Amino acid sequence: MDHDVAKAPATEAAPAGRGRSRTTKAFWRRIREPLAQSRFVKNAIASLFAQFVRLVRLTSPLVAGSARFSSGAYREFEPGIIALWHGQHILTPAYYPKRKSLVAMVSRSADAELNALMLEKFGIEAVRGSGGRESTKHLDKGGAKALIALKKSLATGKNVAMIADIPHGTPRDAGLGIVLLARLSGRPLLPVAITTSRRKVLEKSWDKTTINLPFGRSSIVIGTPIFVPADADDAEMERKRLELTVALNAATAEAYRLVDGRR
């Protein structure tokens, strides 16, 4: 009998490290939702993001050949619609001139709230909505309201910024929402790319989000303005959508070429 007991497998105690890991995960699950709902916490995180973006700007001088938002060459096209790609837009608040008014469309998703709060740290007004859309005839209520708000901002002389591609759609392929804004307002689309030589690309993200890092070089490329006729039909809108897609991809490629020193 004693022999049988001796051979029976003993119950193993969980390793101390694994137990602490489970405790930590359980604690994080309990506090995660309250933290996500805390205005104070979200403001603190947004402030940290803003300071980091400022650090990148301060330590990453513009390379030769870069455009400048303050350049007189673009004044005739103001107010304009700054078009950016998802995942490539993070630096915009730090590079945009402080004295120029800017209104930016920000998604209504919970994740985008931090982005809206960060914009406020730079004095940039955020309009919540989703304006990508594959069809201008199927804008949701929030998207339609946001486009109206942006149109009013343009009418008062403010520049606006908008992400061109559709959230979780095809990355770097412009939607029709931004083209519709150009048609309704009569103001030009300005394809813009901003990047740095030191960066980390999140390859597993749908839009290949780029985290720009400090202590490198930076560049801004502004493509040729694109105007959309007020009487543009569906076929013309599609042509302008494709034109914007090509222009933004070209601006992005040129911005990378400038900071990476490629010929």
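How many cavities of 30 Å³ or more does a search of the whole structure find? The search finds two. The model is predicted. The protein has eight helices and eight strands, and 43% of its 263 residues are buried. Among contacts between residues at least 6 apart in sequence, 73% join residues at least 24 apart.

**Cavities**

- The largest cavity holds about 80 Å³ of space.
- Its lining is made up of Phe69, Tyr74, Glu78, Ile82, Tyr96, Lys100, Asn159, Leu190, Val192 and Ile222.
- Sorted by class, the lining of the largest cavity has seven nonpolar residues, one polar residue and two charged residues.
- The second largest cavity holds about 30 Å³ of space.
- Gln88, Ala193, Ile194, Thr195, Thr252, Ala255 and Tyr256 form the lining of the second largest cavity.
- Strand S5 (189-196) and H8 each give at least two residues to that lining.
- In the lining of the second largest cavity there are four nonpolar and three polar residues, and no charged residues.
- Rolling a probe the size of a water molecule over the atoms shows where empty space is left.

**The second largest pocket**

- The second largest pocket has a volume of about 320 Å³.
- A total of 16 residues line this pocket, and Pro93, Ala94, Tyr96, Lys98 and Phe122 are the ones that lie nearest its centre.
- H3 and helix H4 (92-95) each supply at least two residues of the pocket lining.
- By class, the pocket lining has nine nonpolar, two polar and five charged residues.
- Tyr96 is among the residues nearest the centre of this pocket, and Tyr96 also lines the largest cavity.

**Helix H3**

- Helix H3 covers residues 39-59, which is 21 residues.
- The buried residues in H3 include Lys42, Ala46, Ala50, Val53, Val56 and Thr59.
- An α-helix has 3.6 residues a turn, so residues three or four places apart point the same way.

**Aromatic pairs**

- How many aromatic pairs are there? The count comes to two.
- Phe69 and Tyr96 form a tilted pair, with 5.5 Å from centre to centre and 55 degrees between the planes.
- Phe69 lies in the loop between H3 and S1, and Tyr96 lies in the loop between H4 and strand S2 (102-106), so this pair ties together parts that are 27 residues apart in sequence.
- Phe69 and Tyr96 are both buried, and both line the largest cavity.
- Phe77 and Phe227 form a tilted pair, with 6.4 Å from centre to centre and 55 degrees between the planes.
- Phe77 lies in the loop between H3 and S1, whereas Phe227 lies in the loop between strand S8 (218-222) and helix H8 (234-260), so this pair ties together parts that are 150 residues apart in sequence.
- Phe77 counts as buried because its relative accessibility is 17%, under the limit of 20%.
- Phe227 counts as partly exposed because its relative accessible area is 40%, which falls between 20% and 50%.
- A pair of aromatic rings is described by the distance of the centres and the angle of the planes.

- Ser70 is found in the loop between H3 and strand S1 (81-84).
- Is Ser70 buried or partly exposed? Ser70 counts as partly exposed because its relative accessibility is 40%.
- Ser70 and Pro97 are 27 residues apart in sequence, and their C-alpha atoms are 6.6 Å apart in space.
- Not counting residues up to four places away in sequence, Ser70 touches Arg75, Pro97 and Lys100.
- Lys100 is also one of the residues that line the largest cavity.
- Thr92 lies in helix H4.
- Thr92 is buried because its relative accessible area is 6%.
- Leaving aside neighbours within four places in sequence, Thr92 is in contact with Leu84 and Ile194.
- Ile194 is also one of the residues that line the second largest cavity.

Notes
Residues are numbered from 1 along each chain as its sequence is written. This is a predicted model: local features need pLDDT of at least 70, side-chain atom pairs count only at pLDDT 80 or more; totals for chains, interfaces and linings use all residues. Side-chain values use heavy atoms; hydrogens and water are left out. Helices (H or I, at least four residues) and strands (E, at least two) are DSSP runs, numbered from the N terminus. The expected span of a helix is 1.5 Å times one less than its number of residues. Buried means under 20% relative accessible area, exposed over 50%, partly exposed in between (1.4 Å probe, protein chains only). On a 1 Å grid over the protein atoms alone, a cavity is a set of points where a 1.4 Å probe fits but cannot get out, and a pocket is an open set with protein on both sides within 12 Å along at least five of seven lines; lining residues have an atom within 4 Å of a point. Grid points are joined across faces, edges and corners, and a volume is the space filled by probe spheres set on the points. Ala, Val, Leu, Ile, Met, Phe, Trp, Tyr, Cys and Pro count as nonpolar, Asp, Glu, Lys and Arg as charged, and the others, Gly among them, as polar. Contact means heavy atoms within 4.5 Å. Rings of Phe, Tyr and Trp (its six-membered ring) pair if their centres lie within 6.5 Å; planes under 30 degrees apart count as stacked, over 60 as edge-to-face and the rest as tilted.
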